[in-house]
Amino acid sequence: MNLVRLIYASHKTEFWNDLELGKLLENAQRFNKAKNLTGMLYFNRKYFLQCIEGQRDDVSALYSEIVKDKRHRDVQILAFEEIDEREMEHWNMCYLPDSQVTQSMVLKYTNSTDFDPFSMTGRGALNFMLNASRQLKASQRDVAEKPAGH
């Protein structure tokens, strides 16, 4: 069994409803846990950027379903590789929301200040998600540790 990582980008379509996000993440986490898939989803209300790690057949089958999903268009693989270890082993599906943290990192990994995952390399997309998740966790920790009234 080969362990692989797939990173893809897509545009949302008119069939996407932002109110579905919570249900989509809940279903993805349950499905991924059953299949031992891990990964992260970034969505900025225009584009999806997702990384999926797991056994080759399971990752390929899930990607095939995503390509057929009418909520996505222009689905493109940014990276597909065999890996020795997972980067996202703690997350069945981590959601990385669009925030000031992620927006401040866009220029580092793309050729513009406007987020466009289609202009990223596969390695850049992975690093963007990993670094943005670290910064987001750090900023949440700072808020949680700040005393009330300050």
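Modeller: A salt bridge here is a side-chain nitrogen of Lys or Arg within 4 Å of a carboxyl oxygen of Asp or Glu. This is a predicted model, in which local features need pLDDT of at least 70 and side-chain atom pairs count only at pLDDT 80 or more, while totals for chains, interfaces and linings use all residues. Residues are numbered from 1 along each chain as its sequence is written, and side-chain values use heavy atoms, with hydrogens and water left out.
Biologist: Which residues are linked in a network of salt bridges?
Modeller: Arg5, Glu53, Glu81 and Arg123 are joined in such a network.
Biologist: And how many salt bridges does the structure hold?
Modeller: There are nine salt bridges, and among them is the one between lysine 68 and glutamate 65, whose closest N and O atoms are 3.3 Å apart. Both residues lie in helix α2 (residues 56-68), three residues apart, about one turn of the helix; helices (H or I, at least four residues) and strands (E, at least two) are DSSP runs, numbered from the N terminus.
Biologist: Is lysine 68 buried or exposed?
Modeller: Lysine 68 counts as exposed, because its relative accessibility is 60%, whereas glutamate 65 is partly exposed at 48%. Buried means under 20% relative accessible area, exposed over 50%, and partly exposed in between (1.4 Å probe, protein chains only).
Biologist: What about aspartate 69 and arginine 71?
Modeller: Their side chains meet in a salt bridge of 2.6 Å, N to O, and aspartate 69 counts as buried at 18% relative accessibility.
Biologist: Switching to rings, how many aromatic pairs are there?
Modeller: A search of the whole structure finds ten aromatic pairs. Rings of Phe, Tyr and Trp (its six-membered ring) pair if their centres lie within 6.5 Å, and planes under 30 degrees apart count as stacked, over 60 as edge-to-face and the rest as tilted. Tryptophan 16 and phenylalanine 48 have ring centres 5.3 Å apart and planes at 85°, so this pair is edge-to-face.
Biologist: Where do those two sit in the chain?
Modeller: Tryptophan 16 is in the loop between β1 (3-12) and α1 (21-35), and phenylalanine 48 is in strand β3 (residues 47-55), so that the pair links distant parts of the chain, 32 residues apart. Both tryptophan 16 and phenylalanine 48 are buried.
Biologist: Which residues form one aromatic cluster?
Modeller: That cluster consists of Tyr42, Tyr47, Tyr109, Phe115, Phe118 and Phe128.
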